Amino acid sequence: MDVNQFAVYQLKNIPENRQVRFRPYRALQEKGIQIQHKDYEQVYLARMQPGDGPEQICRRFSEKLPRTFHGHSISVSDVLVLNKGGVVTSYYVEKDGFTVIAGFIPKASSGTLVSIDTTDFHIEGKEGKWLAFDSIIIDGRQFFLMEHETYGKEVAWTVVDGDGKLVVDNVYHGFDQSVQQQIKDYLNLPQTVKEPVQQEIPFGQASVPSRADVPEAEGSRQKKLSLEDWQKYMENGEYLRSAESGEEQNYSFIDGNKNNCKKTSGRESVLKRLRQKQAELAKRYGKPAQQMAMAEDMERRRK
């Protein structure tokens, strides 16, 4: 069955099942009659609803049977098989409640070493002989609760798989939630994920910039400077030094402070050149520079 589905099993309508039909589970055990899957047929299969258990299913079926239900109303001697989260549990329907039965759903593989009838079994790493007295199916695999044949309940139980391999040790409360979780962990062994190796940077040395460190939105100029700093880093061996050398005019002042010297553009002021020209004209014509400037200004306005 798929995960989170349930099935209803009822006894086949054959003469051999007359002594089993509608009988309580304890009465059958007293007569040595075993509940076996081969004596039943599946009459209904459906997906479970949120919060479904055997009580909720029986209550819902007592109110109204589904159209696809092919048997009689659920009653004593029927078996409900619930597959919830990959855990398969079989419930024998009683007059007042349910009895959990082991080994009702057989394992598909016939080559297993352990079954619900196994006795005198030797578990690797454990002393003495063990017998199986309960089972559970999780994710399609059957697991068995084993008891020591000599000491019985005086020692902790163990859980083995169908091949007899020890899965859970020191079990005290049967297939409780803790044991079921350990079985699930056994079925889904965690894989070791290799973490990326991070290269350690010596103290006082900056990391090498990469193209990925420069956002696209910062513009091509910043990208160009970053590439220049990269090249200078390769030449000088230190990023901070290369960043400073990109601004410094005098390389003898690479001392941690950018641009120690004041920059000069090298271009002569236009206003200064105008004043010099006016002074030359005034000297040539014997007029003050201020008068020459006023005369030139008036001449321009007339034009």
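Biologist: Which strands are included in what covers the buried residues of α3?

Modeller: This is a predicted model, and in it the buried residues of helix α3, which spans residues 177-187, are Val-179, Gln-180, Ile-183 and Tyr-186. Seen down the axis of α3, these buried residues fall within an arc of 115°, so they line one face of the helix. What covers the buried residues of α3 includes β4 (87-94), β6 (130-138), β7 (141-148), β8 (157-161) and β9 (166-171).

Biologist: Which residues does Ile-136 touch, not counting residues up to four places away in sequence?

Modeller: Ile-136 is placed in strand β6, and at 5% relative accessibility it counts as buried, the cut-off being under 20%. The C-alpha atoms of Ile-136 and Val-87 are separated by 7.3 Å, although these residues are 49 residues apart along the chain. With residues up to four places away in sequence left out, Ile-136 touches Val-87, Val-88, Arg-141, Gln-142, Phe-143, Phe-175, Gln-180 and Ile-183.

Biologist: Is Ser-77 buried or exposed, and what is its relative accessible area?

Modeller: Ser-77 lies in the loop between α2 (54-63) and β3 (79-84), and it has a positive phi of about 90° although it is not a glycine. Since buried means under 20% relative accessible area, Ser-77 is buried, with a value of 2%.

Biologist: What is the relative accessible area of Phe-22?

Modeller: Phe-22 is found in the loop between β1 (5-11) and α1 (25-30), and its phi is near 65°, a positive value in a residue other than glycine. Phe-22 is partly exposed, and its relative accessible area is 47%.

Key
Residues numbered from 1 in each chain as written. Predicted model: local features only at pLDDT ≥ 70, side-chain atom pairs only at ≥ 80, totals over all residues. Heavy atoms only, no water. Buried < 20%, exposed > 50% of the residue type's maximum accessible area, 1.4 Å probe, protein only. Helix = DSSP H or I, 4+ residues; strand = E, 2+ residues; numbered from the N terminus. Arc of directions from axis to C-beta. Contact = heavy atoms within 4.5 Å.
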